[in-house]
Amino acid sequence: MALSQPRPIFSIHSLAAYNRVTKLPYGKQIEVLAGSNLASSQELIDLQGGSSFDNWATERGIRTMELSVTFREYPDWLFRLLLGKNPTVNAAEASGNVGTVANYNGTSTVDATTGIASVTAISGSETDLKLGTYIIKVASATTVDIYALSDLDFATGTDGVFVDDTMKITSSAETIATGADTNITGFGFKLTGGSGAIGMTIGDTAIVEVRPINTGSSEVTIGSRSEVFCNFGLYMTGQRMGDGRMVTIDAFNATGGGLPINMTEKAWSEGEVTFKLAYDAVQDGLFKYQYVEGSSAC
Amino acid sequence: MARKEKEDAIEETVAVSGVAKKDFVIHHNEVHIEIKKGEKLPDIPEMYKENLKTEGVI
């Protein structure tokens with residue numbers, strides 16, 4: 001009988017994380033993967049003493065199993081499992097979205113009577129909405145200047161521009177009049193004055209977040225006191241080989257923390273995370289390795 | 001502001017007597033009125049009169 005085929009492992013195909021109670025995946029598998037390494041190391045403890053040059057004995061000490069994965073995509077579930085907070089997922093917004101305006105510094109800018117009552121999209125100008133955080137600063141008792149924190153999306157719809165180095169987008173202070181709309185030309189949103197005599201405090205600020213027309217979005221605030229971490233399972237697969245051979249690794253009880261995000265000139269962000277694997281009493285093990293021989297026939 | 005409302009607002013301009021106590025600019029949608037301290041006040045839409053009071057222009 002001839003020797004059997006060797007058992008190589010080639011490349012990486014996917015990584016999914018699943019709930020340890022239900023085995024259901026947390027979300028779509030990661031496929032844009034740069035690599036992985038299942039490292040297992042075990043301390044070996046020697047018995048030495050007397051005049052002997054050599055060990056009297058060696059015994060096994062602590063064993064550590066770690067799975068390092070490098071990926072180039074960021075599904076929402078990574079934030080939940082590695083940073084402790086589930087992103088809020090927003091459905092497609094065919095008319096964009098103008099968030100709720102809120103006072104940021106001081107309390108006079110947003111006021112239903114004496115300040116800005118609301119900020120909303122201009123009907124028919126939704127295509128001008130541009131992604132951004134906009135800061136409304138009170139310039140005088142009845143006027144405001146508006147600033148943006150980036151021009152990333154200024155080319156959407158009517159072109160937007162910064163008017164000076166302060167990152168202001170309004171060329172003149174915009175008047176807020178009782179019950180009237182003040183359109184922010186080219187940016188797709190309007191400020192509506194309060195119902196009474198307008199009287200704001202110079203220097204106070206408010207912010208409003210705007211999203212352009214989109215097919216979906218998600219957002220999450222990291223570092224809040226409401227973070228919850230939980231252990232999870234990991235299911236990783238190598239690339240299916242030409243003769244049908246396949247490899248899978250199912251780690252039953254993984255722990256990980258931290259999610260690197262890097263924005264580098266002309267390069268895709270790449271995150272490397274190391275998961276520690278622990279014993280799972282239900283499965284009675286750390287991970288299951290599976291190798292399936294192909295039939296060679298396609 | 002809708003076009004009709006704007007037209008209505010502009011029709012309702014009011015004569016404000018006296019001179020401006022300070023420089024001020026009303027910049028509101030298509031309306032842009034520059035007021036100079038010490039100069040005779042121009043006719044302005046009624047809707048901005050309260051603003052001018054608050055700002056100390058009149």
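Where in chain A is A:Met167 found? The residue sits in the loop between strand 9 (143-148) and strand 10 (174-175) of chain A. Helices (H or I, at least four residues) and strands (E, at least two) are DSSP runs, numbered from the N terminus.

## Basis

This is a predicted model, in which local features need pLDDT of at least 70 and side-chain atom pairs count only at pLDDT 80 or more, while totals for chains, interfaces and linings use all residues. Residues are numbered from 1 along each chain as its sequence is written, and chains are lettered from A and ligands numbered from 1 in the order in which they are written.

## Chain A overall

Chain A has one helix and 18 strands. Its C-alpha atoms fill a box of roughly 90 × 60 × 40 Å along the principal axes. The radius of gyration of chain A is 29 Å, whereas a compact globule of 298 residues would have one near 19 Å; the radius is taken over C-alpha atoms, and the globule rule is 2.2 Å times the number of residues to the power 0.38.

Of the 298 residues of chain A, 28% count as buried. A residue is buried if 20 or more other C-beta atoms lie within 10 Å of its own, exposed if 12 or fewer, and partly exposed in between, with C-beta atoms placed from the backbone.

## Strand pairing in chain A

Strand 15 (residues 232-237) pairs with strand 1 (residues 14-18) in the antiparallel sense over five bridges. Two strands pair if DSSP finds at least two bridges between them. Within this pairing, A:Ala17 has A:Leu234 of strand 15 as its bridge partner.

Strand 15 is also joined by five bridges to strand 16 (residues 246-255), and these two run antiparallel. Here A:Thr237 stands opposite A:Thr248 of strand 16.

## Positive phi

Most residues other than glycine have a negative phi. A:Met167 has a positive phi, near 70 degrees, and is partly exposed, with 14 other C-beta atoms within 10 Å.

In chain B, B:Asn29 also has a positive phi, near 55 degrees. B:Asn29 lies in the loop between strand 2 (24-28) and strand 3 (31-35), and counts as buried because it has 20 C-beta neighbours inside 10 Å.

## Contact between the chains

The contact takes 16 residues from chain A and 12 residues from chain B; two residues are in contact if their C-beta atoms, placed from the backbone, lie within 7 Å. On the chain B side, strand 2 and helix 2 (49-54) each supply at least two residues. Strand 2 of chain B gives the largest share of that side, four residues.
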